[in-house]
Amino acid sequence: YTVILDSQNNIICIINNSGLDKDDNEILTITNKIISKNNSSKVNVPNLYFNKYAYSYNYGESITIIDIENIKSELLSRLKISILIFIILEALIIFISKKITNWIITPVLDSFERQKQFIEDASHELKTPLAVIMASSDALYNNPKEKKWLNNIKSESDRMNNLIKNLLTLAKLEDDNKNIIKSNLNLSKLVLFQALTYESLMFEQNLNLETLIDDDIHFKCNEEEIKELLSILIDNAIKHSFKNENIKVSLKETKNSVILRVENKGKEIPKGEEEKIFERFYRLDKSRNRNENRYGLGLAIAKKIAQNNNANITAKSENNLTTFEVVFKKNS
């Protein structure tokens, strides 16, 4: 809108060529406000978010008024959209950050939980033989001629000694996995020798040893750890086999791996427990394992040995046939 003024700053005429809905009276009202507020020429471009018009005032000549309501409406609309987008993006960032944070700290929390469970289990396993030793010591003090108290002390001391040895073995495997000495071994000879070592024990248990070992399979690993791994798996097979069945030890080589299997016919591992049996202190039959001085650490040790020697160990049971498989990965 343009308002023409005379030299005395009086309104001569109003030129309204915008095509908008404002009539001359509205423009006149705006003009009078501008004149009343200003005693000299002025260009005013106000805050576009809060005002309806801008103007250029030439004292005694003219006033040019620009209607900015549409601009104000558009800016406010875009501001609302921007705020909404910001809130959505902020919520999305918070959501993604929480997911990433949970993903990052989950292994740490799992580690703390396993450590807590390990301490609880170890304390529980040590508490029972220690209680028996203390009670037997008191009984022996009161009745020194009764030898059964000495037998109890000796038996429970052996139990504690075995448990501590297993705990130290597991701790050593976890600490020294980067420093173990590996050499190129003939696994075929090593596996066969270790299996034959248990043949007499199998015979006493009415079990038969069956070997299916390919010749001259070589792999870079730690000899003592592989011997321990084989001992754990074969001993486990003996303990859980039905009478008059075969225990099969096999070793074969593929293009990318060497596969060791120990199989036995016996009570199946319950479905869903195949991974849990490798956890420390996990036992399928707690009462039976306790009587046999078995603490559920053997398979945990086996798993750690496998990891230290570029291998992965798994277990499965089907139709009373339990198979432990160790896959040694080449070129890893």
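**Exercise 1. Find which residues S317 touches, leaving out those up to four places away in sequence, and describe the surroundings of S317.**

Step 1. Look for contacts, meaning heavy atoms within 4.5 Å. S317 touches E268, I269, K271 and T322, with residues up to four places away in sequence not counted.

Step 2. A word on what you are looking at: this is a predicted model, where local features need pLDDT of at least 70, side-chain atom pairs count only at pLDDT 80 or more, and totals for chains, interfaces and linings use all residues. Residues are numbered from 1 along each chain as its sequence is written, and side-chain values use heavy atoms, with hydrogens and water left out.

Step 3. A polar atom of the S317 side chain lies 3.0 Å from the backbone nitrogen of I269.

Step 4. Is S317 buried or exposed? Buried means under 20% relative accessible area and exposed over 50%, with partly exposed in between (1.4 Å probe, protein chains only). S317 counts as buried because its relative accessibility is 5%.

Step 5. Place S317 in the fold: this residue belongs to strand β11. Helices (H or I, at least four residues) and strands (E, at least two) are DSSP runs, numbered from the N terminus.

**Exercise 2. Work out the strand order of the sheet that holds β11, and what lies on this sheet.**

Step 1. Two strands pair if DSSP finds at least two bridges between them. Strand β11 (residues 311-318) pairs with β12 over eight bridges in the antiparallel sense; there, I313 has V326 as its bridge partner.

Step 2. Two residues sit between the strands, and N319 takes a positive phi near 55°.

Step 3. Carry on to the next strands. β12 (residues 321-329) is joined to β10 (residues 257-265) by nine bridges, and the two run antiparallel. Here N264 stands opposite T322. Seven bridges then link β10 to β9 (residues 246-253), again antiparallel.

Step 4. Helix α4 (residues 187-197) lies across β7, β9 and β10 and runs at about 180° to β7. Angles run from 0 to 180 degrees between N-to-C directions, with axes fitted to C-alpha atoms, for helices over the stretch in contact. Helix α6 (residues 223-239) packs on the sheet too, touching β9, β10, β11 and β12.

**Exercise 3. Decide which residues of helix α1 are buried, and what covers them.**

Step 1. Start with the helix itself: α1 (residues 24-37) has 14 residues.

Step 2. List its buried residues: I27, I30, T31 and I34. They lie on the same side of α1 because they cover an arc of only 100° around the axis; the arc is that of the directions from the helix axis to the C-beta atoms.

Step 3. Recall a general rule that helps here. An α-helix has 3.6 residues a turn, so residues three or four places apart point the same way.

Step 4. Turn to the other side of α1, where N25 and S36 are exposed.

Step 5. Find the cover: it includes β1 (2-5), β2 (11-15), β4 (53-58) and β5 (62-67).

Methods. A polar contact is a pair of N or O atoms within 3.5 Å; within protein, one must be able to donate a hydrogen and the other to accept it, and residues adjacent in sequence count only if both atoms are side-chain atoms. The expected span of a helix is 1.5 Å times one less than its number of residues.
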